[in-house]
Amino acid sequence: MNARITQATLLDESNEHHGKQVDIRIKDGIVTEIAPSLKATKGEELINFENLMVSPGWFDSSVSIGEPGFEERETIKNGLIVAAKSGFTAVAVNPNTYPVIDTNSGVSFLKNKAAGSAVSLYPIGALTRKSEGVDLAELYDMKQAGAIAFGDYQNAVSNPNLLKIALQYTQGFDGLVLSFPQENDLVIKGMANEGETAIKLGLKGIPALAEHLQIARDLYILEYTGGKLHIPTVSTAQSVKLIKEAKAKGLDVTCSVAIANLFYTDQELEEFDTRYKLLPPLRAEEDRKALVAGVKDGSIDMVTSDHNPLDIEQKKLEFDHAKFGTIAQEATLGALLTLVSERKAVQLLTAGALRFTGKKATIALNEPANLTLFTSKGTSTFTKEAILAKSKNAAFLGAKLKGSVYGIIANNQFIAS
């Protein structure tokens, strides 16, 4: 594609034009010029939006799609369109499919189905066979096929020796291990955060202690073995403290937080609305505030949508029987901008690229254009019309959001929202 982006505020701390209004010229998908003003050239598309901001393309570190096996929830084709129109140029896709992505052929299937899309799909291979937590999966073979990390989505590694071996083994090929932060023996049939709301509603609790114990255990193992560990979707104040202390020790650990846990608390469960049945569960207000503080001070490395499409048969049930999860990509920017500045939002939405792929998200001359176009101006209410996913299990319905996405430029394509 050939295009000229005009009057855009560039947000990239590694670029000399950071924070300045510039024009950007793209030729054959490559950034060729960045200047305060550029003259039009023949055959290029003009891209101009009100209060336009341009940042390196965003990376979503936890996305569930469904295909293969659960295409009624979401397909790869539509899932990548949802990501593009939500501002993401790359997504790390969880292995919670049928069959579970635990072999090199499974990884290759995802990569091949996503070929040619504007959004880059990066498979997360299952850490254990069938994500059952018993035996390690074919980690090296999946790495060779294109897997960028290994973890069992929302399934904790109960066996500490298995995590130890995984961290030791993956060091041989610079692999990244994910460990879901939950001690299962403390969460039997738990449905919501253990606290006043769960007691009042008669719901079995998921104690914060379950998260703290698992994280503390995992960090001790990491200190012993070395290796690279990522803790997805932390949800409590103590978790933030534990990870901050581990980083101060020099451990190679990162973590993410789901946008819903930054935005909502367990008070949303008052009417047993299963849209708010999430894992990790929505916690108390003091936890939410600690999470916001954690993203602001860098203790939490990245924000993820933790986008998880589920069909109506799995959500429109009694609370105890409904599955955990919400779609959230479409609302991620708008919710995040209600909590942090646009510059901080860009940091949090691009940090996953370096951790998961080893490539820092930047805007540089003579490099392929990988850009997200958005504005931080304006407010809106998230409605059913804003849902782009096939599934409609959106916790953010009715939420007051800020800003909006204009589209992405990636893989030599421009996708407008």
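Author: What follows looks at the salt bridges and at the residues that take part in them. This is a predicted model, in which local features need pLDDT of at least 70 and side-chain atom pairs count only at pLDDT 80 or more, while totals for chains, interfaces and linings use all residues. Residues are numbered from 1 along each chain as its sequence is written, and side-chain values use heavy atoms, with hydrogens and water left out.

The structure holds 14 salt bridges, a salt bridge being a side-chain nitrogen of Lys or Arg within 4 Å of a carboxyl oxygen of Asp or Glu. One of them joins the side chains of Arg-25 and Glu-44, with 3.1 Å from N to O; Arg-25 belongs to strand β2 (residues 21–27), whereas Glu-44 sits in the loop between β3 (30–35) and β4 (45–47), 19 residues apart. Strands here are DSSP runs of E with at least two residues, and helices are runs of H or I with at least four, numbered from the N terminus. Arg-25 is buried at a relative accessible area of 9%, and Glu-44 is buried at 15%, where buried means under 20% relative accessible area, exposed over 50% and partly exposed in between (1.4 Å probe, protein chains only). Arg-25 and Glu-44 also belong to a network of salt bridges that links them with Arg-4 and Glu-33.

A further salt bridge connects Arg-288 and Glu-285, at 3.0 Å from N to O; these residues are three apart in helix α9, and therefore separated by about one helical turn. Arg-288 counts as buried at 16% relative accessibility, whereas Glu-285 is partly exposed at 30%.
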